[in-house]
Amino acid sequence: MKHRLIGEILREVCDLSEDTVSEALQIQEEKGGRIGEILIQKGAVTEADLLKALGIQFGLRSLPAIATEQMDISFAEVIPIQFLKKYHMVPIATPEMSYIAVNDPVQFQPLDDLRLILGWDGAETVLASHSAILSAINFAYDMSSDSAEQVIQDMHEEDRDLILSAVQETGDLLDDTSDAPIIKLVNLMLSQAVKARASDIHIEPYQTKLKVRYRLDGILYDMLSPPKHIQPTLISRIKVMAKLNIAEKRLPQDGRIEIRIGEKNVDIRVSTIPTAFGERVVLRLLDKTTVLLKLTDLGMPVEGLKVFNGLIKSAHGIILVTGPTGSGKTTMLYAALSTINNPDINIITIEDPVEYQIENIGQIQVNPKIDLTFANGLRSIVRQDPDVILVGEIRDLETAEIAIQAALTGHLVFSTLHTNDSASAVTRLIDMGIEPYLVTSSVIAILAQRLVRTTCSGCKVAYSPDEESLKNLGITSDMYTGTKMYKGTGCESCLNTGYKGRTSIFEMMILDDRIKNLILKTSDSNSIKNMAVEQGMVTLRQDGASKVVNGLTTVEEVLRVTQK
């Protein structure tokens, strides 16, 4: 039987024109390469189309996805990860069957080598997408890695004088096969933190011990206690990765590490400070592959969301988001910008630091070393004909004054303030030196928010909180009639915390005429808040209480983040 050409099969499968195939053949003649890959690059066919055609050509079936739940990962002990990634193939063994998934069935020799090493002579070859194979490879090698605890146990006193080598960290951490225990330990600390969804890693030296803690959903947990003698080597290794001066131990230093762990690109900000017992290091982890959240994902009540959606489409004015560090202010503002982002408007931001890149938005990074402050950057932004401006934070009178002038001259300005509730933001601006009439004529709304941990769905059980706690939160018996409140008992999925993930609680104060008139008379935050509540404002605690009644979080969690 005549062997059919892939171009001919693709033409039939995808109904390609003669010209499209001819162009691809011409590119192949000039530059080389595979006809299928050239057609994918041209956008004429998809990877799924190519796999279908390869299936017809070689008589192989295609897998839409690779299930990793019951996958036997013992092959990770004998097959190097680099081999599988190079040839885009992975052996899959489940209780039902064994097969080898490939992306390119022409790799006959590596396929035979893999069968020989595993002793899988009769195993079926199937086709799978590049991303499905890569996910399965990363899953297998991530699961088979030693734990950081195991590496620490394997360390001996003789590792004290281990010499560090500056290894380029551009590759995938799961590919790093270095035997140096300290390199292994740092790699595992980072990969385990990413897997656990930690936002920060703290390395804290004390007189007789060294402690490593992860911040997960806003709370610090003890994770490791490496031996004290590896402290200098561990910190030096991180400083090498962050391109910091390893000889300078008396001054604070800041640096960055960019790594890849499986399919995740992670940006790590490194900060060191000298303490009495050695350098203390904090690593802030930012997963660059994380998709920006939409406003609807943030937990805002339906009515509040309708109002806020209207506010962010205003022609001019200031919208402030307030709350302490780590309360989700930046995420909220990014979600708001993404909602209104379209080709008709010019959006420019000035931030410290730029945490996420957003398509079609001009983003400026504050740089005090060259005197690019919020105030100086904001002055320049106003001359760039923007419609919407985001100022990362109003820190001083100068920035506040320029932001207000921008709002009064027809710009919509978003910014943040570090205050406890919405009414306190007015007091803060007036305390900075802003005239009350300027506040009332420019600020249109103030949103206060906190992040609360959500109850783990894997181990939640119904419970009845004590009356005192319910009373503190303002929950009366008629509010939870016919509903159940839940708390987590702790499971592997939530690292035995009872919580997994976070949602926001909100308090939105809209400056209507009555509140504006009051601000002109007094800057007392209690008076302003009381009037806003009279006007129907839902406070942080009230929003938290509704989320408790709906079983999303616990009384303790809302009290923790809203306590005065």
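**View 1. Ile-261 stands opposite Lys-264 in strand S8.** This is a predicted model, where local features need pLDDT of at least 70, side-chain atom pairs count only at pLDDT 80 or more, and totals for chains, interfaces and linings use all residues. Residues are numbered from 1 along each chain as its sequence is written, and side-chain values use heavy atoms, leaving out hydrogens and water. Strands S7 and S8 (residues 264-275) run antiparallel, joined by 9 bridges. Two strands pair if DSSP finds at least two bridges between them. Helices (H or I, at least four residues) and strands (E, at least two) are DSSP runs, numbered from the N terminus.

**View 2. An open sheet of 6 strands has antiparallel pairing.** The order is S6-S5-S4-S9-S8-S7. Strands S6 (219-224) and S7 (253-261) are at the edges with a single partner strand each, so one side of each has no neighbour in the sheet. From one strand to the next, the twist averages 25 degrees. Angles run from 0 to 180 degrees between N-to-C directions, with axes fitted to C-alpha atoms, for helices over the stretch in contact.

**View 3. Helix H10 (residues 231-241) packs on this sheet.** H10 touches S4, S5, S7, S8 and S9. Contact means heavy atoms within 4.5 Å. The direction of H10 makes about 45 degrees with that of S9 (278-287).

**View 4. A mixed open sheet has 7 strands.** Its order is S12-S11-S13-S14-S10-S15-S18. Strands S12 (362-365) and S18 (499-510) are the edges, each pairing on one side only. The twist averages 20 degrees from one strand to the next.

**View 5. Strands S13 and S14 pair in the parallel sense.** Ile-389 has Val-413 in S14 as its bridge partner. Helix H14 (residues 397-408) lies across S10, S13 and S14, at about 135 degrees to S10.
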